[in-house]
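The sequence and structure are shown first.

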Amino acid sequence: MSATITILAQHLLNGVLIGCAYALIAMGLTMIFGVMNIANFAHGEFYMLGGFVAFYLVSLMGLDYFAALPLAVAIVVALAIVLQHSIFRRLREAPMMTTTLVTIGLSILLENAALLLWGPQPQSIPTPFPTKPLSFFGVYTTPLYLFCMAVTAALIVVGHVLIRRTRMGKAMRATFQNKESAALVGIRIDRIYAYAFAFGAALAAAAGAVLGGFIPVEPATGGIITLKAFVVVILGGMGSFVGAIVGGLLLGLAEALGAGYMPTGWKDAIGFFAVILVLLFRPEGLFKRV
Amino acid sequence: MRTLKLVLAVAVSLAVAPLATAQETVRIGVVQPMTGPVAYDGNIYVNTVKMLVDDLNAKGGVLGKKIELVIEDGACNPAQSVNAAEKLVVRDKVVGLLGAFCSTSTAAVMEVAKKHKVPLITGISTAAQLTEQGNPYFFRAVATTPMLGNAFGPVLPKALNAKRFAFLTLNDDWGRSMQASYPKAIESGGGQIVANEFFQQSDLQFLSQITKVKAANPDAIVLAANTQQAVALSKQIRELGVTVPLVGEGAWSSDSYIKLAGPAAEGVYGLVEYVYTIKSPINEAFVKEFQAKLKENPSKFAGAAHNVLHIMVDAIGRAGTTDPEKIRAALEKTDYNGLVGNIKFDAKHQAYGQTVYLSLVKNGVPDVVETAKIAKP
Amino acid sequence: MRGLPVAAALIVVALCAVPLVVHDEYFLHLFIVSGVFVIAVLGLDLIVGYVGQLSLAHAAFFAMGAYTSALLFVRLKWSMWAGLPAAALLVGLIALVLGSVILRTRGHRFIIITVVFAELMKLVATNWVDMTRGFMGLPGLAVPPLWIPGIGTIDITAKSHFYYVVLFAAIVAFLLCRALVRSSVGHKFVLVRENEPLAESLGISAFRYSMIAFVVGAALAAAAGSLYAHYVGFVSPDLFNFSYVTIMLIMVILGGKGTLVGPALGAVIFTFLPELLREASHWRMIVFATILIVATLFMPKGIIFPLITHLVPRNWRLRNARAA
Amino acid sequence: MHRRLRMLSLANVTLHRGRTRVLDDVSLVVDEGELVALIGANGAGKTTVLRTISGILKPSTGTITFRGKPIQGADPGAIVRLGIAHCPEERKIWPDMSVQEHLELGAFIRNDGDVDADMERIFETFPVLKERREQLAGTLSGGQQQMLAIGRALMSRPSLVLFDEPSLGLAPIMVETIGTMIAGIRDRGATVLLVEQNASLALRLADRAYVLETGRITLTGPAQAMIENPEVHRAYLGG
């Protein structure tokens, strides 16, 4: 392969890797948004917690890496359930200003709690994978990167199937599209709230735990993650799962290619510009379907 | 009326707030990031000055008084650093300030130092323009990035056996000043520059930048990063199959970096103002104490802390008073022999005369492979 | 209500007396910073408290004001007296353009777009190095002398002098906002907030009135930013950090949104409180966040007014109410 | 005369929204097997009555009993489980879900094995839904959406069905079809409480009727008598 194409392929691979993570995080955010009508500014903190808890389990408690990942997700979900029960439950009929401020408060709370617990330094989760890179025609990756990509992609598919095919997934979508008629067929909205919140938190935590192997997590990671997830959700259409998946991949690729072929300082601006363009020309987002 | 009562209550409580009384100690203020993006390195600095002040006090302090450190968190954030410095100068009546890690914070704190006429020494902020402002209260006891570049740039092509150099640095004053000042020196040594890339302070994932640098096909990559980013950066460079030598300003010879980066740290060159493997009695004593008390090898931030604290205390001793203005005058006449040799200040209060080092990590130990002296500018 | 002007006069006298009573320059510094925040927060309250739109771009307007003023000083040697109105005007214009795009959206989309805008502005400040010097920031900003007719030129670089400049500006901002919210425009703000469909059916354009609040608010933020830049002497992209908008929101919400005295007091309290809690820097943010969550959920009127109602003895309040 | 079992009864139900009294001392009964109509002008509170029965709104005072047990204040989920289905106003379908998914979720409270058979029965009644079982509900015509809403309500195997304005916005021919459909539901043994602004349709189908005016029941009686009542005729039957 010619050097230009190799480099392009490398950028694309990088983009897919990051894009899968964006998609996974945004799926959870869009779900919480759709079902609960809450723009959850604390969503990125679940990613951060997923990463830190996994780090704690592997590095400090010496747990097996593959056992630690699901356990970390379970622990974050348990926390999410507590938060849902103590805080989010009260936000059901609350005005938007209240819900937003409460989630902003929660994001500050979780970030500083993590700072107190684990300190400010970024941590990578030690993984059992060999660090030697693999080369395919000059395009480099590592077993860890492939693992991350496979797990995030699999979780996206699993999440998608859960939402599309299962009874609970259908009930969530129905609640999202019309809460009242969902209640009228006997769907318990409070439970759907709890499920949606736990599910959204689980996806974000899983992304954090898996990616934490090569992108170090730090307490402040959550902020930028939340912002990126919001960008994806607006691009894809607020509340659209397909939009979150496609939007996440698109953003990952756009950033990788954008950074690859223009000054890297502007990498983060690509998504922001896209949001403003979408808002001007297609305010409902690229995908409407829920 | 309620509002009025509240306002008056606040005003009264402030008026009776205890004002600093005559001091039995000599107070030195420290503004360093203890939270935020570079907190790890900031805390090393803080722990070092604490340890050294204990030593100094055990030997009788200065001017017959004990030295008291008042340490505030600046979080590498200019506004917070300003508030911290204001508090130190105005409330705690410190006679001199050490600090601010990030150059932006130091630039902000400099304005406070000038306003209140209190001397400020930095041992870490290397952005060249800090000393170009002619702020009479500001001193820098560390080589600037251009000075380091001038000292080592010409020898890099030969030392690394490389011709094509790519830059990948933090997008701040430091990284930008590096990309502005190094190329000329490197070119004078026969090298050429093939890529100029930046990353942001919040980035922990550098795949795009690395791929871009790789596309330029360099023989060596010049980096600027502090510990936390340096670890992720060097790992990811190797993970994307880039095997050329790395050479960097920043954390590249510190214990914490070498430990966290593991195999990725092997063969990495550091352009440093201080490295713990320097062979001199004063350094060996320092390293021994550091290892005993803080359980690791001192990093360049610890070295910087050692320098600035001693320079400040030395100046206070020579001034013979705690009057900040006299201390400032004494600082100008500094002629200090420390960890990295002799340090003097030029007319712009920039340190010169000290030795700088090119280190190379081998089996987890940063060996000194080249040294150079900072010339009087 | 006859007592009110008297009370207001007393408050102003008390505020004027602050530098005479408070000799601790560090506290004076905090009073000045509070004053700057009062101006910015009043602007935020117009949009958040009066028209009921949650804008997270406010700190960006503050930072843009600081930058405008700083750039005019550094590049064109404009003093703060010219830089401040220029910053307010320019940022007001930018808010007008931005508002014409984003105020058409409502709800969550609006909130998110405002964050995105703020981040984009931070990237501009960081990456447009030729203009803004990027992360290096712009140092060396100076406080200009003040010329008062009949007295002549006086130096106001001392804190005790600059305090009066900020106090004056804060009082002007307060009176301006007060006039605005008491005018027919202000009543329409509230109508848009309380019942947008009704407002629209009465021919009151929610867009138009949101825009007025948005632009005036942005201009106030910019003016505050300009004062801050010249007072501190240095601007950098950190001014765009999300933490600034959070603290401003805490000031407005906990102070009592939709009133003017509340957020103004909130600005003072929440400038002092974090500094007084310096010792416990991590816990401090945790305490803050908890207060924010609890107050938002359970105390829609903020904490200041209910607190006063609780703390001031009932008979005292009654007596004064009667006297007033 | 009423030897049938009493199925639903509202006694002195009052409901406030803010300070406005939306329902004022409403009392009505529906007996097993009956088709009872509730008619009234736009804004009279008809929909509110149904929403109060199905648990979406909580009455301020008064009692609602279903088969002799009080149900006021219970949540909608519990009420569906008792056997009351509510086919809401404006159909309230889920636009991005398929026809089949609507029917599946209609049976959300059930876990018996007869759901598929019931679905087939709905498809027999509304063959057009079968043709479009994979189609998204948002793409259906108004009449088809109404059929879907009815089908969804029936999937819970209710003993009492509450219909809210099923004829609203439909073409005349569609109104007839829906009318026949509702009569058919009653004929098959379910009890129906029908809210309609189209009073002539409602009174034609119903056994008994109530007239609701600004939150109060003002008139009640057999449907036939209502049709003949000159006041009702003038106010609700267009002359």
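In this predicted model, chain A and chain C bury about 3600 Å² between them, and 88% of that area lies on carbon and sulfur atoms. On the side of chain A, the residues that lose the most area to chain C are A:M97, A:L101 and A:L279, which together account for 17% of what that side buries. The interface brings 41 residues of chain A into contact with 38 residues of chain C.

Which elements of chain A give two or more residues to the side that touches chain C? They are helix 4 (96–118), helix 9 (221–236) and helix 11 (267–281) of chain A. Helix 4 of chain A supplies the largest share, 16 residues. By residue class, the side of chain A that touches chain C divides into 31 nonpolar, seven polar and three charged residues. Across this interface of chain A and chain C, the rule finds zero salt bridges. It also finds one residue pair in polar contact, with both residues at pLDDT 80 or more.

The other chain pairs give this interface its setting. Four pairs of chains touch, and the most contacts among them are between chains A and C. Chain B and chain D, by contrast, do not touch, and their nearest C-alpha atoms are 32 Å apart. Chain C and chain D do not touch either, with their nearest C-alpha atoms 14 Å apart.

**Two enclosed helices**

Helix 8 of chain A covers residues 189–211, 23 residues in total. From its first C-alpha to its last, helix 8 of chain A reaches 33 Å, close to the 33 Å expected at 1.5 Å a residue. Because 19 of its 23 residues are buried, helix 8 of chain A is largely enclosed by the rest of the structure.

Helix 6 of chain D covers residues 142–154 and has 13 residues. Its reach from first to last C-alpha is 18 Å, close to the 18 Å expected at 1.5 Å a residue. Twelve of the 13 residues of helix 6 of chain D are buried, so this helix too is largely enclosed by the rest of the structure. Among the buried residues of helix 6 of chain D are D:Q144, D:M147, D:I150 and D:R152.

**Salt bridges**

Side chains of opposite charge can pair when their charged atoms come close. How many salt bridges does a search of the whole structure find over all chains? The search finds 38. Three of these pairs are set out below, with the distance between nitrogen and oxygen.

| Residue | Partner | N to O distance |
|---|---|---|
| A:E180 | D:K92 | 3.7 Å |
| B:K293 | B:E289 | 2.8 Å |
| D:D118 | D:R121 | 3.1 Å |

The pair A:E180 and D:K92 crosses between chains. A:E180 is in helix 7 (residues 179–184) of chain A, whereas D:K92 is in the loop between strand 6 (84–87) and helix 3 (99–106) of chain D. Both A:E180 and D:K92 are buried.

The pair B:K293 and B:E289 belongs to helix 11 (residues 281–294) of chain B. Because B:K293 and B:E289 are four residues apart in that helix, about one helical turn separates them. B:K293 is partly exposed, with a relative accessible area of 48%.

In chain D, D:D118 and D:R121 are three residues apart in helix 4 (residues 115–125), so they too are separated by about one helical turn. Is D:D118 buried or exposed? With a relative accessibility of 7%, D:D118 counts as buried, while D:R121, at 46%, counts as partly exposed. The pair also belongs to a network of salt bridges that links D:R110, D:D112, D:D114, D:D118, D:R121 and D:R157.

**A buried glycine in a loop**

D:G215 is placed in the loop between strand 9 (208–213) and strand 10 (216–222) of chain D. This glycine, D:G215, is buried, with a relative accessible area of 0%. D:G215 and D:G45 are 170 residues apart in sequence, yet 5.2 Å apart in space, C-alpha to C-alpha. Not counting residues up to four places away in sequence, D:G215 touches D:V22, D:L23, D:D24, D:V26 and D:A44.

How values were computed
Residues numbered from 1 in each chain as written. Chains lettered and ligands numbered in written order. Predicted model: local features only at pLDDT ≥ 70, side-chain atom pairs only at ≥ 80, totals over all residues. Heavy atoms only, no water. Expected span 1.5 Å × (residues − 1). Buried < 20%, exposed > 50% of the residue type's maximum accessible area, 1.4 Å probe, protein only. Contact = heavy atoms within 4.5 Å. Buried area = accessible area lost by both parts, 1.4 Å probe. Salt bridge = Lys/Arg side-chain N within 4 Å of Asp/Glu carboxyl O. Polar contact = N/O pair within 3.5 Å; in protein donor to acceptor, adjacent residues only side chain to side chain. Nonpolar A, V, L, I, M, F, W, Y, C, P; charged D, E, K, R; others polar.
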